[in-house]
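Good morning, and thank you for coming.

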Amino acid sequence: MAFVLELKTSSSQDYIKNYIISIIREHGIKASVHKEAGKIVCALASGHKDLQGCVDAIARRLPASCFLTGSAHYETKEEPQSLPSYEIRYPLGLGLCPSCQKEIFDPSSRRYYYPFTSCSHCAGQYGFFTGFPYERKNTSFKFFQACGECESEINGVGIREAHRINSCHKCGVPVRLVHKGKERYANDAGSFRTMFEVAAKALLDDKRLLVKTAMGYRLFYKSEHAHKSSILMMINAKKITEYLSLIDQEFNALLCIERPILHMALKEEGLKRALGNTADVKYPDEGFTVLLAKELQTLGTDHICYEEALSDTPCDMVMDHDLEVTPQKELRLFIDKDIRFIAEGERVSFPSALFPATDTLSIAHELIGIKEGDEMLFDKMEHFKSAHVSKAVVLEGEDKERWHSEQTSMHQDEASFMSVIAEHGLFGTSCVGTYFDEEASFLYYDGKKVIRVVPPRDFNAADLLERMAALREGSERLVNNLKAKLPAVYQKLELLQERGSIDLFEATAVILGLDEQNMRGVTKEALKFIGKGGIQIDTHVKDNRFDHIAFLSSIVSYQLGGVESVLLSYSIFESLGDYFSELIQEIKTKTKAKNVILCGSHFANLSLFSRMHRNLKQTPFFMNVNYPIGKENAVVGGAYL
């Protein structure tokens with residue numbers, strides 16, 4: 001007999017499965033652990049004396065994951081015959097697991113306040129990775145020999161079995177704190193704790209602290225000094241709901257092992273004054289950040305701000321070490337009740353493997369897809385030495401360099417569209433859908449190739465005001481009223497005309513009078529809306545293409561009529577959702593396509609996504625799950641174009 005534990009997961013990565021296997025191996029229980037059809041199936045020998053202890057340990061120690069959606073258990077007659085094993089193919093970019101986090105705060109541990117603490121299945125391993133295959137000699141830790149105790153962990157069973165960068169105070173990496181030309185070094189429990197105490201006090205004394213973390217350089221400062229590029233780091237989990245307006249799914253995701261960035265509504269007035277009504281929010285992840293957060297919380301602070309930085313970013317104090325660190329773009333997660341997807345970023349999505357393999361080298365956004373066995377392996381270009389392929393496909397704009405004699409270019413929208421087809425195994429089926437990033441394009445897949453049905457139409461601001469005046473009868477009066485009643489907006493539009501080629505949403509934000517003049521600014525404004533429905537913005541189609549001038553003129557008309565920018569911003573995305581849905585349905589009917597696909601980073605917009613979800617309720621759509629819906633997915637689709 002076997003006790004079977006099933007965990008539902010949407011992730012193709014193996015870190016949760018491998019963590020379970022490590023705990024099972026610790027208890028010496030014969031078991032079978034594998035993934036199938038969106039779930040991890042763990043069958044444990046029910047006759048083992050420590051079965052209950054093992055199950056309890058899994059429940060207590062298994063990290064929460066934003067990709068785990070449920071669980072079940074039952075018994076089966078099949079008896080497992082051996083201990084399960086796992087393979088670690090590539091490094092991770094995660095937060096600390098519960099076991100590692102407990103260890104760095106245990107005074108009896110040889111990793112007490114050691115910021116490089118990690119195990120085989122957690123933390124920021126990727127930052128120290130230098131190239132495949134993933135072995136210690138291909139990491140920054142190659143210069144540090146594991147001590148006897150760490151080597152024993154590597155060769156034994158448990159969560160550090162086969163751990164490539166295992167270390168502790170005895171064999172680990174010293175860290176220095178530099179302030180006003182003076183250096184303070186830490187290489188044992190006492191000196192490390194003192195260093196983080198000093199750093200935390202300096203932050204509360206209005207100093208700017210630059211830290212070389214496992215995820216790259218981060219510049220920390222008090223929340224009242226935040227700006228639009230700042231990320232709000234919540235430190236005290238018990239008080240998160242006092243500062244943020246969030247649903248349970250967002251709270252759980254914030255604290256999960258993936259440690260994503262979430263864009264959330266603020267409700268505490270002090271934070272609103274510093275950051276506005278919404279902000280990008282994160283919870284501490286790797287060792288340096290967790291330890292700094294602990295000391296800040298001890299000093300009575302519930303939150304701090306940081307931004308991604310470089311080694312020469314101006315600051316008052318630097319916490320540094322000698323290891324080379326390669327950062328990844330942060331994982332940004334979108335959540336709408338029970339729906340979640342990766343909006344953008346590299347962490348967790350890369351490195352990764354996808355079946356089947358092709359004999360194509362795919363290159364986009366400094367990422368590469370290369371054949372390895374019967375799968376495609378995707379990661380940063382510098383981690384690969386060479387490749388033998390029949391052709392290369394390179395993203396348009398990055399194809400000046402020749403990588404292969406048989407090289408072609410790919411469009412971002414077509415590659416992103418194909419990435420969804422590849423991830424969901426929709427090869428050979430007909431699909432229709434939209435890619436939306438600044439400009440929308442509508443695409444069709446006939447089972448063999450991707451076709452642009454309605455290509456994107458770049459917006460050009462040249463002669464914008466003149467074209468608005470000539471749009472239709474009476475439009476000249478609209479422009480004259482704009483000049484008379486909103487002269488500041490009119491003048492800014494005149495300046496945009498001189499620049500010519502700009503993003504549509506920059507012009508939109510200017511008309512709305514927003515400080516942040518881009519898509520992000522309009523999105524943040526839309527999130528302030530608390531009503532039930534918006535107004536119709538003109539999404540007129542001219543010559544089978546989206547009419548930018550009609551769209552902007554409609555917004556100007558409402559602005560002159562006194563409609564608030566909050567309602568207008570919300571209405572823009574609602575109207576775009578209606579436009580996209582109607583055109584998708586029209587193309588789907590004409591082509592008799594079976595599936596609908598949405599991709600592009602702008603769908604990570606609550607107003608727009610909710611509208612699309614409502615409109616396409618009878619036509620369920622596919623999106624990326626393990627890969628970002630934004631630009632980074634191009635490298636995946638390129639391998640299959």
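I shall begin with the chain as a whole and then turn to individual residues.

Please bear in mind throughout that this is a predicted model. The chain contains 19 helices and 29 strands. Along the principal axes, its C-alpha atoms fill a box of roughly 85 × 60 × 50 Å.

Of the 641 residues, 58% are buried. Among contacts with a separation of 6 or more, 69% are between residues 24 or more positions apart. The accessible surface comes to about 27,200 Å², and carbon and sulfur atoms contribute 48% of that. As for charge, there are 76 positive and 86 negative charges, and their mean positions lie 3 Å apart.

Is H404 buried or exposed? Its relative accessible area is 18%, and the cut-off for buried is under 20%, so H404 counts as buried. A polar atom of the H404 side chain lies 2.8 Å from the backbone oxygen of V389. Leaving aside residues up to four places away in sequence, H404 touches V389, S390, K391 and A392.

The next residue is P63, in the loop between α2 (51–61) and β4 (68–76). With a relative accessibility of 6%, P63 is counted as buried. Which residues does P63 touch, if those up to four places away in sequence are not counted? They are I16, Y19, L68, C97, P98 and I257. For a sense of distance, consider F116, which is 53 residues from P63 along the chain: the two C-alpha atoms are separated by 18 Å.

Let us now consider the backbone. Most residues other than glycine have a negative phi, and most peptide bonds are trans. The peptide bond from F350 to P351 is cis, with omega near -5°, and P351 lies in the loop between β16 (339–344) and β17 (352–354). A cis peptide bond also joins F355 and P356, where omega is about 5°. P356 belongs to the loop between β17 and β18 (360–364).

Two further residues concern the angle phi. A123, which is not a glycine, has a positive phi near 75°. A123 is placed in the loop between α3 (98–104) and α4 (148–155), and its relative accessible area of 3% makes it buried. H365 is likewise not a glycine, and its phi is positive, at about 55°. This histidine lies in the loop between β18 and β19 (367–372). Why is H365 counted as partly exposed? Its relative accessibility is 21%, and the buried class takes in only values under 20%, so H365 counts as partly exposed.

That concludes the presentation, and I thank you for your attention.

Technical notes:
Residues numbered from 1 in each chain as written. Predicted model: local features only at pLDDT ≥ 70, side-chain atom pairs only at ≥ 80, totals over all residues. Heavy atoms only, no water. Helix = DSSP H or I, 4+ residues; strand = E, 2+ residues; numbered from the N terminus. Buried < 20%, exposed > 50% of the residue type's maximum accessible area, 1.4 Å probe, protein only. Contact = heavy atoms within 4.5 Å. Areas by Shrake-Rupley, 256 points an atom, 1.4 Å probe, with all protein chains shown as cover. Lys, Arg positive; Asp, Glu negative; His and termini not counted. Charge placed at Lys NZ, Arg CZ, Asp CG, Glu CD. Polar contact = N/O pair within 3.5 Å; in protein donor to acceptor, adjacent residues only side chain to side chain.
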